[in-house]
Amino acid sequence: MFGAVSSPSHKVEGYSSPIVALRKKLDLYANVRPVSSPVINFYLYIKSEKIETNPDGTRTAYATRKISETASRRIATMAFNIAQKRGQLRGPSAPKPLVTVVHKSNVLSVTDGLFREVCLDVYKNGDAGNFQKNVRMDEQLVDSMVYRMFREPEKFDVCVAPNLYGDIISDGAAALVGSLGVVASANVGDKFCLGEPVHGSAPDIAGKGIANPIASIRSAAMLLTHLGYTAEAAKIDAAVDKVLVVNDSSVLTPDLGGKGTTDKVTDAVIRLL
């Protein structure tokens, strides 16, 4: 498990993000973020930035973005595997699960175009043809994806996107379920899995005892699922859902409109286990 941290929004000499370093070191190429029903799945792309001073003294900044076929194939495969497992849990009478490929290849035709091309190939040829047999697929431009997600979130199931888009749409999706404080995530690779709440460190409420613990609790449940303890993870998720459904303002933290504390929410979940 990794606790909530925040990185500075401005350049700090010598600073590097600890979670990004861990993701690279452990090869955690996918970040999976379940938001109520939909799952948003995105991967890290490599970027480099530089700034130059022009002859007139003004500055110009550059960012280089690299999207590889290997990384795209790994994250797409994970997305379709997640969708297949969802379909198995729902049973044969339910509609086939849906994977939405999110990109902006109408503008970024080379980088996003490669990502889109690989995702389509994984769908057609991956897992010995089972993906196309068991899963539906569509694609959505990232700007219209945000619009549609707020207008009709029930249309989406599993979404796969490059890092920047995934960050944006997952935070937007958090608004649909009440708060970033309830959204969990898992950084997943072939050998390791690292649980991490989606929200940052919230320094404005540090020491007040009112931070929402649900994202961390759900992240721990995701780790249990990864380790094979699916029944235990389901109990934790069910207890969290009951706390949210009861909607007791004396228990819920302020980000959910309540007057409760971190300890009150934690105790309520424990009582329901």
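Modeller: Let us begin with the aromatic rings. This is a predicted model, and a search of the whole structure finds two aromatic pairs.

Colleague: How is a pair of aromatic rings described?

Modeller: Two quantities are used: the distance of the centres and the angle of the planes. Here, Phe80 and Tyr123 form a pair with 5.4 Å from centre to centre and 25° between the planes, and this pair is stacked. Phe80 belongs to helix α2 and Tyr123 to helix α3, so the pair ties together parts that are 43 residues apart in sequence. Both Phe80 and Tyr123 are buried.

Colleague: Why is the pair of Phe80 and Phe131 stacked?

Modeller: The planes of Phe80 and Phe131 stand at 25°, with the ring centres 5.4 Å apart, so the pair is stacked; the cut-off for this class is under 30 degrees. Phe80 in helix α2 and Phe131 in helix α4 (residues 130–134) are 51 residues apart, and their pair links distant parts of the chain. Phe80 and Phe131 are both buried.

Colleague: Which residues form one aromatic cluster?

Modeller: Phe80, Tyr123 and Phe131 form that cluster.

Colleague: Let us turn to charged side chains. How many salt bridges does the structure hold?

Modeller: The general idea is a side-chain nitrogen of Lys or Arg within 4 Å of a carboxyl oxygen of Asp or Glu. The structure holds 14 salt bridges. One of them joins Arg33 and Asp167, whose closest N and O atoms are 3.2 Å apart. Arg33 lies in strand β1 (residues 30–34) and Asp167 in helix α6 (residues 163–176), so this bridge ties together parts that are 134 residues apart in sequence.

Colleague: Is Arg33 buried or exposed, and what is the relative accessible area of Asp167?

Modeller: Arg33 counts as buried because its relative accessibility is 6%, and buried means under 20%. Asp167 has a relative accessible area of 30% and is therefore partly exposed.

Colleague: What do the side chains of Asp157 and Arg90 form?

Modeller: They meet in a salt bridge, at 2.8 Å from N to O. This pair links distant parts of the chain, with Asp157 in the loop between α5 (142–151) and β7 (158–162) and Arg90 in helix α2 (residues 69–90), 67 residues apart. Asp157 is buried, with a relative accessible area of 6%, whereas Arg90 is partly exposed at 34% relative accessibility.

Colleague: Where do Glu139 and Arg116 lie?

Modeller: Their side chains meet in a salt bridge of 2.5 Å, N to O. Glu139 is in strand β6 (residues 136–141) and Arg116 in helix α3 (residues 111–125), so the pair ties together parts that are 23 residues apart in sequence. Glu139 counts as partly exposed at 30% relative accessibility, and Arg116 is likewise partly exposed at 30%.

Colleague: Which residues are linked in a network of salt bridges?

Modeller: Asp27, Arg74 and Asp190 are linked in such a network.

Key
Residues numbered from 1 in each chain as written. Predicted model: local features only at pLDDT ≥ 70, side-chain atom pairs only at ≥ 80, totals over all residues. Heavy atoms only, no water. Helix = DSSP H or I, 4+ residues; strand = E, 2+ residues; numbered from the N terminus. Buried < 20%, exposed > 50% of the residue type's maximum accessible area, 1.4 Å probe, protein only. Phe/Tyr/Trp six-rings, centres within 6.5 Å; stacked < 30°, edge-to-face > 60°.
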